[in-house]
Amino acid sequence: MNSTHDLEGRMTTDAKPDAVALPAAGQTSRQTGNQTRRQGALERLLRRKLAIIALVVITIIVGAALFAPLVAPFDPSEQFFEGLTLEGAPLPPGERFWLGTDLLGRDVLSRLIYGAQTSLIIGLVANGIAVAVGALVGILAGFFRGWVETVLMRFTDLMMAFPALLLAITLAALFRPSLWIVAMVIAMVNWVQMARVVYTETRSLSEREFIVAERAMGAGLGRVLFRHILPHLLSSIVVFGTLGISTTVLLEATLSYLGIGVQPPTPSWGNIIYENQTYFTSAPWLVFFPGVAIIALALAFNLLGDALREVLDPTQKGRH
Amino acid sequence: MTQTPDLAAEIVLSVQDLKTEVATPDGAKTVVDGLSFDLRRGETLCIAGESGSGKSMTALSIMRLLPEPMARVASGSVRLGGRDLCQLGETEMCAIRGGDIAMIFQEPMTSLNPVLTIGRQLREAIFVHQDVSRREAEKRALETLEAVRLSEPKRRLKQYPHELSGGMRQRVMIAMALACNPKVLIADEPTTALDVTIQAQILQLIRDLQRDFGTAVILITHDMGVVAEMADRVVVMNQGKIVEHGAVSEVFERPKDAYTRELLDAVPKLGAMTGQDAVISAAGAGPEPVLEVKDLTVRFDLRGGILDRVVSRVHAVEGVSFSLRAGETLGLVGESGCGKSTIGKALMNLVPWEGSIRVAGRPIPHGRGEADRLFRRDLQMIFQDPYASLDPRMRVGDLVGEPLVIHGLAKGRELRDRVASLFERVGLTPDQMDRHPHEFSGGQRQRICIARALALSPKAIIADESVSALDVSVQAQVLDLLQELQKELDLSFLFISHDMAVVEQVSHRVAVMYLGQIVEVGTRRQVFENPRHPYTQRLMEAVPIPDPARRRDVFKVPIGDIPSPVRALGESVERVRYVDVGDRHLVAEPA
């Protein structure tokens, strides 16, 4: 689409000194460009509805996790006698237990609120470490080539081929299972995809002319890598990073299920689902609410990341 | 070939009042406005214009290949043999595309499917429109390859696109376009991506095929030289409108419209500098050359086989020597793959090299380091594509100031002031510093690149195809700016280009490169007025002349591609020996 490209290019420019052909449209888009530039990135972020919704959801979840003892109506481990029917079945959502109770008569809402602590640590810390490691490995392998590339990427391939659960079980056998061990294990397993994505993009970026121009100018490695290459990778990192939140939360659930994750009765969103999945038909709320919580968290970060990416990209300014 | 269009010939395609719109955030924008023309059998109509003039949109509108719903034909008609193409459904259009109207595109590299053989793709083009047996299609495919004069056509049928050179691929594209004997051939910048000698071959081919088959051709191009060589009639477009329409000799000799005149004036013409000596106006020019290159050699290893061993080498640059004095421009010309850009990269230490490079008398160390950083202050580079060589995420003020920051020469208030004065120096205003690259036009971006290159007050600038991506009118302004800067700052330029006319315009001395070596070097007058090496002569012969009165009936360019610079391990390249034909005009001895 050669000419559409030309047209697009012309429409957003003002060709003052080179003027042979000047489209009138250039003038108006230049003004809008100027206006948006004056406003800060935060302000532009807050003008997006979806971004605000995402921020609200994240605030609620983080707030609930931080102030769990104040917010939660009951103790998450307390088993209520009245939390079960006479036949011993869990209660559906009702007046006393808003989101119902589980098989042991515990309040699902309270367990979800306390579970947010675990899930946030896994989804943000473990996933965060995975994102950082993956991005670093990818960017180094993509930029340096040669033996650095060979060593890093073959190691990545090895990690990819290695069964994650086996690794987790091995590590859990070596150390006593705890939340932090689980987080480390998850980080070690999850950086691989990120490394692959970042590696591919860095490879093509480092051959772009503006990177070559930087090097020709004498720019040091740090400047090229972190000021010029990294900002271009942000959108992929954000997208994959937020997708990673749901994957890691569920991986934690798997590990807990196998007995090498968070130990019961400590609740996490993942282990609430796993404990109750067999009762999905008779007590759907036990799986439904933690599921919704995981989806809401992942979606909120995804929307926020998406909005951030657009706000931070100067070529997107003035477009909504 | 300068035949007057046969007015009695039947009209094959008639475009009436065509209007095409593109959706933008600010509403529909008209990119083709009220376009009308008739195309007769056997005629060549050139649509000329600069980027954004709507010429490619016209072609896509006729073919109904617009990226709908982002763009659409708003009104008007395109009549082909009594049918209005704008009214046809998609299925009927499919029969017309490739059958009655065929199209060839600019990029022969990307227009072919890389995983299918040439023969398979040709056969498919035939099957779509003709109900023939497989054997017949194969026969027809072979015939068309012969018609486009591709060497060894039988073998080509079994080859994949990557095994062919750019010129050969464009021949295949033309063969595919002609496989069904179309009435109209639309060629959108068919030779823009090709070297000048290959361009001459392709233009010659289009002419011959047109004569043999009577196809009407719409040739879309920005190159007025190509227009003058090919057109019977010309349509000049500007901002979606026709500004001039007439016979080629009329348009070139008596342009009525001001825009056309401006456009024609801006076109660099080979031979325009004949008889003029190129005077270096450097005031403080010392005897020491600013840049001295001796025996520069660059080779790239090609790996292959199971063990990933080096199996062969690309001999990109072989023992090149030249020097550059203060205030002088050395033009480095040659076709793609001749190694001219590699020389630029080697000088900037972007590729590993051997030999000796001295900048202002000091030898340049191999590899990167503090010494490397120091010499870089004296040597800067402007790249080909102003769109690609600026980081799109940074403000242009920061980009221009970056060399100063990298070399620790200025910061804060002082940095801003220096950047502002650099902006003014290249014809931009300091209040544009806070914008991002995408808000500027191509010419302005190249000015930004020039400002960045000037930031460290270098002694010499390497300009690698620095004006090739720009429209001619903008190109002229950027060239003026470069020459102005040279006079003012005693700058030296290594001007790398494939465009002979531009090189003639700016260079004091010229070096012609072929297969990694310089085959001829001398002053501008020596090389352009008295080319002695056969390759230089061939290059000059192939350049299209923007003057229909001087149109050549036949391009005297031998068919074929430049041989490959790849050699097996251990096989060396024979270095050329130079003969001085007078006054330091060096010419390689014929092998």
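**Close-up views of chain B**

**View 1. Strand 22 of chain B meets strand 23.** In this predicted model, 3 bridges link strand 22 of chain B to strand 23 (residues 586-588) of chain B, and the two run antiparallel. Look for Tyr578(B): its bridge partner in strand 23 of chain B is Ala588(B). As background, strands of a sheet pair through backbone hydrogen bonds, either parallel or antiparallel.

**View 2. An open sheet of 8 strands in chain B.** The strand order is 16-17-18-13-19-20-23-22, and the pairing is mixed. Strand 16 (379-382) and strand 22 (578-580) of chain B are the edge strands, each pairing on one side only. From one strand to the next, the twist averages 20°. Helix 15 (residues 442-454) of chain B packs on this sheet. Helix 15 touches strand 16 and strand 17 (460-464) of chain B. The direction of helix 15 makes about 170° with that of strand 16 of chain B.

**View 3. An open sheet of 4 strands in chain B.** Here the order is 2-1-4-5, with antiparallel pairing. The edge strands are strand 2 (27-40) and strand 5 (83-84) of chain B, and each pairs on one side only. Strand 4 (residues 71-80) of chain B is joined to strand 5 of chain B by 2 bridges, and these strands run antiparallel. Leu80(B) stands opposite Arg83(B) of strand 5 of chain B. Helix 1 (residues 55-63) of chain B lies across strand 1 (11-24), strand 2 and strand 4 of chain B. Helix 1 runs at about 75° to strand 2 of chain B.

**View 4. Helix 3 of chain B crosses helix 4.** The axes of helix 3 (residues 118-129) and helix 4 (residues 134-147) of chain B come within 9 Å and cross at roughly 110°. Helix 3 of chain B is therefore roughly perpendicular to helix 4 of chain B. The crossing is right-handed. Helix 3 of chain B makes the contact with Gly119(B), Leu122(B), Arg123(B), Ile126(B) and Phe127(B). Helix 4 of chain B answers with Ala137(B), Glu138(B), Arg140(B), Ala141(B) and Thr144(B). By class, this contact of helix 3 with helix 4 of chain B has 5 nonpolar, 2 polar and 3 charged residues.

**View 5. Helix 13 of chain B packs with helix 14.** Helix 13 (residues 396-406) and helix 14 (residues 412-425) of chain B pack at an angle of about 120°, with their axes 9 Å apart. Helix 13 of chain B passes helix 14 of chain B in a right-handed crossing. From helix 13 of chain B come Gly397(B), Val400(B), Gly401(B), Leu404(B) and Val405(B). Facing them from helix 14 of chain B are Leu415(B), Arg418(B), Val419(B) and Leu422(B). The residues of this contact divide into 6 nonpolar, 2 polar and 1 charged.

**View 6. Domain 1 of chain B touches domain 2.** Chain B is divided into domain 1 (11-265) and domain 2 (292-378 + 458-588). Their centres, taken over C-alpha atoms, are separated by 33 Å. In the contact, 25 residues of domain 1 of chain B meet 22 residues of domain 2 of chain B. On the domain 1 side, helix 7 (196-213), helix 8 (224-230), helix 9 (248-253) and helix 10 (258-266) of chain B each give two or more residues. Helix 7 of chain B gives the most to that side, with 7 residues. By class, the domain 1 side has 9 nonpolar, 10 polar and 6 charged residues.

Note on methods
Residues numbered from 1 in each chain as written. Chains lettered and ligands numbered in written order. Predicted model: local features only at pLDDT ≥ 70, side-chain atom pairs only at ≥ 80, totals over all residues. Pairing = 2+ DSSP bridges. Axes fitted to C-alpha atoms, helices over the stretch in contact; angles between N-to-C directions. Contact = placed C-beta atoms within 7 Å. Parallel < 35°, antiparallel > 145°, perpendicular 65-115°, else oblique. Left-handed = near helix turned anticlockwise from the far one by under 90°. Nonpolar A, V, L, I, M, F, W, Y, C, P; charged D, E, K, R; others polar. Domains from an automatic or database assignment.
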